[in-house]
Amino acid sequence: MEEVPLEVLRQRESKWLDMLNNWDKWMAKKHKKIRLRCQKGIPPSLRGRAWQYLSGGKVKLQQNPGKFDELDMSPGDPKWLDVIERDLHRQFPFHEMFVSRGGHGQQDLFRVLKAYTLYRPEEGYCQAQAPIAAVLLMHMPAEVSRGPLVGGWAEYLPGYYSEKLEAIQLDGEILFSLLQKVSPVAHKHLRQQKIDPLLYMTEWFMCAFARTLPWSSVLRVWDMFFCEGVKIIFRVGLVLLKHALGSPEKLKACQGQYETIERLRSLSAKIMQEAFLVQEVVELPVTERQIEREHLIQLRRWQETRGELQCCALPRLHGAKAILEAEPGPRLALEPSPSIRLPPDAHLPGSKAKPKLPKQVQKEKKEQQKRAKASGQVGQSPATGQVEVAAAAGDACPPQDTPLKDPAPQDSAHHCSQESLTSQESEDTYL
C-alpha cells in the first residue's frame, strides 16, 4: 500500500471537506479539480461520503426518504432470498465485518441485496452484486449504501445484471476492439487462441475488480470509477491485458488457451501494484467518446448477427458530472449533516474568540458590578467570578451556588443541554 505522509493526508482531508461542504459549486465550476483529487486518492476517513456524492447516491436518498426502510420491511422474493443467503459467507470471509455467520456484516449485506432485488425486480440478484455491496458496506451504513449501488452501478453499468448478461457481452467486444489499438500484440494473441473476452473480463467488469486487485488498488480504482465512470473499468482491463500479454517474451509461456487464461487469472503483483496501476490508468488515452463510438459499432454487429437486445437498459452515463446533470431539476442543494452538534453558544476548545454571555447572566453581572462600586469594592465578588466561569463553560447554564472547586458532574457544561455533543447519523467512513 502506498504510504501517504500524515501531513499530506491532513491537507487532503481539509480540501475534501471543503469540497463536500460546497459540492454543487465544485461540481459546476471545478469538476476537473475533483477528478484530479480522485486520481490522487480520496482520504480514507472521507471515502464513504465522497462515494455517495460522486455516484449520485446522496441525491437519491434525499429524493426518496424512507425508501430503504420500506424495502427493508418488505418480505422479498423467496427465489432470490435463498440464493443471497448462500452467498453471504463467500464475501470477504476474513474481513472482521463478514467473518461471523449471522453477524451484523452479513445481516446488513443480506438487507442491501434484498432491497436491490425489490428496487429492480427486472434484474433480481446476481452473484457479482454481493462483493460490490460488501465493499460499500465497509465504508457506509446499510441504508446509505443502497444509494451508490443503485446510482453508480445502475447508471455507469446499465444492464450488467440482467438475466442474459447481454450488456457485459457487448462490453467484452468493446474491450477486445479497443485492445487492438492499445496493444496489438496482446490482441493478435487472443484472436489466434480464439479466447472469448467473457472468459477473462466478466469478473473484472461485473465486480469492478473487487475480486481481482489488491485491496489498496481496488479503493484507488473505485475512487476514479465513481468520478469518471466506466472508462476507468475499461482502462484497468486494457492495462492488465497489455502488461500481461503485450510482448513476445511474455507470450512464450502462453502457447495455448489454458496457459493464456491462467496467466490472466494469476496476474503479476507488479502489474496490480497501486502506484504503478493508477499511473498507467491515468495516462492511457481511452476516452468516453471512443467507448461510445465502439459501442455503436458493436451494437450494430450484434443486431446484424443476433437480433435486437432483449435488455432494455438506459443509456450509460459517463462520470459524476453526467449523473448530476441527468438529475431532474430543480432540487435542493446538497448539504452535509454534521456528525457532532453543539449548543449555539458553545465555546470550542482552542478557540480564541471570547464566548458571548447569555443576556440574563450579563444583566446579573452588571447589577453586581454596580453594587460593588456602590459599596467601594475594587475586586470581584466570588459570585461574580463564579458566574463568569460558569457562563464561559460553553452553554447557557444558569449560575449555581455550588463551590467551583468541587463541581458535581451534573453541573458540567456538557450536561446543561441535552443536545450537547449529540451524535447524529454520521456520514463518515465506517471502520
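Colleague: Which residues lie nearest the centre of the largest cavity?
Modeller: This is a predicted model, where local features need pLDDT of at least 70 and side-chain atom pairs count only at pLDDT 80 or more, while totals for chains, interfaces and linings use all residues. Residues are numbered from 1 along each chain, and side-chain values use heavy atoms, without hydrogens or water. W23, Y53, L54, A320 and L324 lie nearest the centre, out of 10 lining residues (a cavity is a set of 1 Å grid points where a 1.4 Å probe fits but cannot get out; lining means an atom within 4 Å of a point).

Colleague: Which helix gives the largest share of that lining?
Modeller: α21, with 3 residues. α2 (23-29), α4 (47-55) and α21 (320-326) each supply at least two (helices are DSSP runs, H or I, of at least four residues).

Colleague: New topic: at what angle do α15 and α19 cross?
Modeller: The axes of α15 (residues 231-245) and α19 (residues 274-283) cross at roughly 115° and come within 9 Å (angles run from 0 to 180 degrees between N-to-C directions). So α15 is roughly perpendicular to α19 (that covers 65 to 115 degrees).

Colleague: Which residues of α15 and α19 make the contact?
Modeller: From α15, I232, R235, V236, V239, L240, K242 and H243; from α19, F276, L277, E280, V281 and V282 (contact means heavy atoms within 4.5 Å).

Colleague: How many of the residues in the contact of α15 with α19 are charged?
Modeller: That contact has 3 charged residues, along with 8 nonpolar and 1 polar (Asp, Glu, Lys and Arg count as charged).

Technical notes
On a 1 Å grid over the protein atoms alone, a cavity is a set of points where a 1.4 Å probe fits but cannot get out, and a pocket is an open set with protein on both sides within 12 Å along at least five of seven lines; lining residues have an atom within 4 Å of a point. Angles under 35 degrees count as roughly parallel, over 145 as roughly antiparallel, 65 to 115 as roughly perpendicular and the rest as oblique.
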